[in-house]
Amino acid sequence: MDWQELTDLTHGRSFVVERVRLVGNGVVIEGQFEPPQLAQLSIDDQVFVAAFVRSHGSIKEMERIFGVSYPTIKSRLNRIAEQLDFVDTDPAPSGADVVDRLRRGEISVQQALAELEGSR
């Protein structure tokens with residue numbers, strides 16, 4: 001069974017993979033594994049994301065490939081983005097990080113307090 005067949009069978013409903021066999025050495029791993037977020041998208045959305053990556057994020061190229069307008073591409077990207085969790089690229093510093101910087105004299109007590117307040 002390929003990924004597309006699995007996606008078709010689940011009709012967009014959540015599912016858990018419980019058994020994985022590594023090709024080549026036959027090792028089997030059992031447990032509960034959630035598929036990656038991109039694999040949870042519909043097959044049409046997976047194709048769309050792949051095309052977007054292959055076009056280096058060019059909306060103009062996406063317009064050409066799919067034969068639709070800029071607003072249609074943007075709308076679809078926004079809809080797909082709403083389905084994905086994003087990694088926080090600027091996480092708040094941990095309390096230990098703030099205290100370490102304070103000990104090293106990199107920040108003042110007032111700055112440390114402000115950062116600790118802001119991370120709540």
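**Exercise 1: a helix crossing**

Describe how α2 passes α4, and then characterise the contact between them.

Solution. The crossing of α2 past α4 is left-handed, a term used when the near helix is turned anticlockwise from the far one by less than a right angle. The model is predicted, so that local features need pLDDT of at least 70 and side-chain atom pairs pLDDT 80 or more, whereas totals for chains, interfaces and linings use all residues. Residues are numbered from 1 along each chain as its sequence is written, and side-chain values use heavy atoms, without hydrogens and water.

Next, the geometry: helix α2 (residues 43–54) packs against helix α4 (residues 70–82) at an angle of about 115°, and their axes are 11 Å apart. The two are therefore roughly perpendicular, the word for angles of 65 to 115 degrees.

Then the residues: Asp44, Asp45, Phe48, Val49 and Phe52 of α2 make the contact with Ile73, Arg76, Leu77, Arg79 and Ile80 of α4, where contact means heavy atoms within 4.5 Å. Six of the residues in this contact are nonpolar, none polar and four charged.

**Exercise 2: a charged pair**

Which side chain does aspartate 45 meet in a salt bridge?

Solution. Its partner is arginine 76, at 3.1 Å from N to O; a salt bridge requires a side-chain nitrogen of Lys or Arg within 4 Å of a carboxyl oxygen of Asp or Glu. The pair links distant parts of the chain, with aspartate 45 in helix α2 and arginine 76 in helix α4, 31 residues apart. By this rule there are seven salt bridges.

Methods: Axes fitted to C-alpha atoms, helices over the stretch in contact; angles between N-to-C directions. Helix = DSSP H or I, 4+ residues; strand = E, 2+ residues; numbered from the N terminus. Parallel < 35°, antiparallel > 145°, perpendicular 65-115°, else oblique. Nonpolar A, V, L, I, M, F, W, Y, C, P; charged D, E, K, R; others polar.
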